[in-house]
Amino acid sequence: MSTVTADDVAVAVRPGFWTRDRKVGAGAVLFGVVAAALFGALATGADARFTISEDAGGAAVAIDGTLGAILFGLIAAAAGAALLAGVPTRWFTPLLGVAVVGVVLSFLCWQVSAAPAGQNFMPLVNIVRGTFILALPLIFGSLAGVLCERSGVVNVAIEGQLLMGAFCGALVGTIAANAWVGLVAAALGGALISLLLAVFTIRYLVDQVVMGIVLNLFAVGLTGFLYERLMQPDAAAYNQPPRFEAWPIPVLSDIPLLGPALFSGTIFLYLALVLVVVIHVALFRTRWGLRTRSVGEHPTAADTLGVKVLALRYRNVLLAGMVAGVGGASYTLALYTFTKNMIGGKGFIALAALIFGRWSPTGALLAALFFGFADQLGTYLSAINSKIPSEFLAMLPYLATLLAVAGLVGKVRAPAADGKPYIKG
Amino acid sequence: MTDVNTSGVPAPRENPDREHAEAEKVSTADASGDAGTTNGDAVHTTGEATPLGATAATAGGAPTDRDGGAALLLTLFVRNLWSANTVTVTVLAIVLALVIGAILIIVSDPDVLATFGYLAARPSDALNSSWAAVSDAYANLFKGAVVDPAAVRDWINGTGGWQPVFAPISETLTYAAPLVFTGLAVSLAFRGGLFNIGAQGQATLGVILAALAGFLLPLPPVVHLIVALLAGALGGALWGFASGFLKARTGAHEVITTIMLNYVATYFLAWIIVQDGVHAPDRTDAISRSVDGSAQLPRLLGGDLRVHLGIVLAVAATWAVSWLLNRSTLGFELRAVGANPEAARTAGISVARTYVLVMAIAGALAGLGGSNMVLGSTATALTPLVVAQIGFDGILVALLGRVKPWGVALAALLFGALQAGGNRMQSYASVSLELVTVLQALIVIFIAAPALVKAIFGLRAARVARAQMSMAKGW
């Protein structure tokens, strides 16, 4: 956060007893105890079965609902207590992870055990696979954000890039009757929005957030207009995109649980996972990555050392557009035909994932998976007639990000020069 | 007389090179010292002259020759008109957007495109059909937004009533009213150095509370409307306060928090519609009960025309925000914080308090905008899409209005007109309403990059740097 308030400074200078770790620990204890008490009381004595398959059959982990809810709640509380006791800071992330997973499992034990008879099971394969499918556009989108923002250009236009990618993928893919051509077109479509973003923010110094917002609206309008003019009247000619079929990887796809979820997806799943690794390595282990990060943190210093700041920003923003465009195509070239405004806010969840994942590719992946899981959980819970309104689950990514930027779950810090145009001189 | 007239140059202030070139032109034109001193005064009163301009003005000699005065003024006027000032850039941005819109209409029309297939053989076909498609669309845009000549003719001939004549204006004002509020919400925060992307969420909360107050509270007519409006403002203020508070206490960037709160509000709206007591009992789809008649904004021109009291409130709000910004202590503090938070803090202004207040007031304005959507004539019940896009459009309106209250009101009027005309364009010329979104976005893109418009039209540069577009502060 670029704006430092007076409180911030005070906290940084003199931590006192209530450090961030202790505050979070206290929160975790509270949540854990409440989960144990509340979910434990609400859960039924029926077994909550977590099956490693797509239905009720197959191997399963079963636990008594009440027992599970209380047990996992207490585990979360214990992790919180450890944080509260003041363990070294390196334990912070694992313990926080344990606490979160504990509360989630406690919640699931209640929900699954309280489901109507015969539905007291949670097919983990479905859940994991659904999580990855729902997380796909988020992974691509947040990677696009990483590429842009690490080099100092705020990318609020992820939504527009995804949408343009989806549209171009569908349109060109249909006309060419070839999914690969569609994929290339999708990348170029995302890059088109990126190009506008880059030219206007880097060349004309328009504020990056303003430009991002306007470009989102532009993309919604443009794709919506062309959809109504071309695709709707003649869907067969313009909106019947070819599909990439699932490619199960031999051997690996036979691994229980992970195999069906991770190794029998479409090209987009593999591409997303490969991109995470590639961008991570490139960002932290290559010359390009060092330059990108230096341009995002201190462009003047980078310029002094001979890095072409503006050229690098152009290149990264365009790359980001291509990545996001491919992410948009993961809708139209694998799942659905194009519809108006079909991204429906995923671009903003991707932005949230980027921030929640602290501007790192792996962090973005984990955040995207977490948000995808929340999404999938909503679908599952409404399928078992849960009393939890799906709307509140849908809020979860946004609320989590709010907590993250408010510094309640650790401090997130953007690249120092993120959002600041660079004027040479 | 030769070295007099460097002072007669009111417009350019930033670029010394250009000022120099200008000075040369003016002195070769043998202009009068009279005009020179007049304009020199203008420079002084606006108080924005660069040191260079100021010295030139004071160095201006005594007036002797009055003959060339009028001619010079005219030249300067024309030159200023064609310089990249706010009005010129805005008009040209609209023209550019309409041109691109026309291209979109042509390339997306299969019939017209077919004529381009034999362009070389008969170019007139392609040109005629393109012209027909574009002019049909834009003529309907105009007829739907301003006035339909046919209706005027009917009225004069006595075959039609007066309502059809004013119907387009009525529609325009109806669509403009909520945009004024959300535009003001965005620009007020802008002036305080905050980028309020959350007008959508704030308007959503406003819509919810206004509607709840509208059908849950049994109150007498006038009181009911006031209470419902206040409830809407309160809902928006609450949402704005949340962002302002997070910003002030934790430094969380308001762009991120407002985006997130937008979606929280959207899902909250989706949830509350289907709750018992809110959901319309006789309906299966997601729609709430209707707001009581006593809580609805009265229509201004009778039942046939949709324009309602909201537009009057919008003008009042514009005046109030203008007063707040330019005449009140809070407004001064707000602008000081917006210009430079550190300096404002040094001067003893509480930056945190200002942030919270600004966001709460901005939220209240957006909330009122939301109330307009459910208490006015666009809808009387909550649906998932009841807020439409007024929050996001408000951002565009604020930018187009150069974040100044009366500018925002004019920009909202333009956007309202585009919306109203777009409806007619969709039904009469079968050009999708989405074109309006494209036009709106394009206009703002061009507005935001005056340098681009300048380059395209070969304008002289002028005072556009004052447009306060840059909020470049990063996350």
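Q: How many residues of domain 1 of chain A are in contact with domain 2 of chain A?
A: In this predicted model, 4 residues of domain 1 are in contact with 6 residues of domain 2 of chain A. Two residues are in contact if their C-beta atoms, placed from the backbone, lie within 7 Å. Local features need pLDDT of at least 70, side-chain atom pairs count only at pLDDT 80 or more, and totals for chains, interfaces and linings use all residues. Residues are numbered from 1 along each chain as its sequence is written, with chains lettered from A and ligands numbered from 1 in the order in which they are written.

Q: Where do the two domains of chain A run?
A: Domain 1 covers 6–114 and domain 2 covers 125–405; the bounds come from an automatic or database domain assignment. Their C-alpha centres lie 30 Å apart.

Q: What about the contact of chain A with chain B: how many residues?
A: There, 50 residues of chain A are in contact with 46 residues of chain B.

Q: Which helix of chain A gives the most to that side?
A: Helix α8(A) does, with 16 residues. Helices α1 (6–13), α8 (208–231), α15 (346–356) and α17 (390–405) of chain A each supply at least two residues. Helices (H or I, at least four residues) and strands (E, at least two) are DSSP runs, numbered from the N terminus.

Q: Turning to chain B, how many helices and strands does it have?
A: Its secondary structure comes to 20 helices and 0 strands.

Q: At what angle do α11 and α12 of chain B pack?
A: Helix α11 (residues 221–250) and helix α12 (residues 254–273) of chain B pack at about 150°, with their axes 10 Å apart. Axes are lines fitted to C-alpha atoms, for helices over the stretch in contact, and angles run from 0 to 180 degrees between N-to-C directions. That makes α11(B) roughly antiparallel to α12(B) (angles over 145 degrees).

Q: Which residues meet there?
A: B:W239, B:A242, B:S243, B:L246 and B:K247 in α11(B) meet B:E254, B:T257, B:T258, B:L261 and B:A265 in α12(B).

Q: And how many residues of α8 in chain B are buried?
A: The count is 0 among the 9 residues of α8(B), residues 149–157, and the helix is hardly covered. A residue is buried if 20 or more other C-beta atoms, placed from the backbone, lie within 10 Å of its own. Just after α8(B), B:G158 takes a positive phi of about 85°.

Q: What percentage of chain B is buried?
A: Buried residues make up 52% of its 475 residues.

Technical notes:
Buried ≥ 20, exposed ≤ 12 C-beta atoms within 10 Å, placed from the backbone. Parallel < 35°, antiparallel > 145°, perpendicular 65-115°, else oblique.
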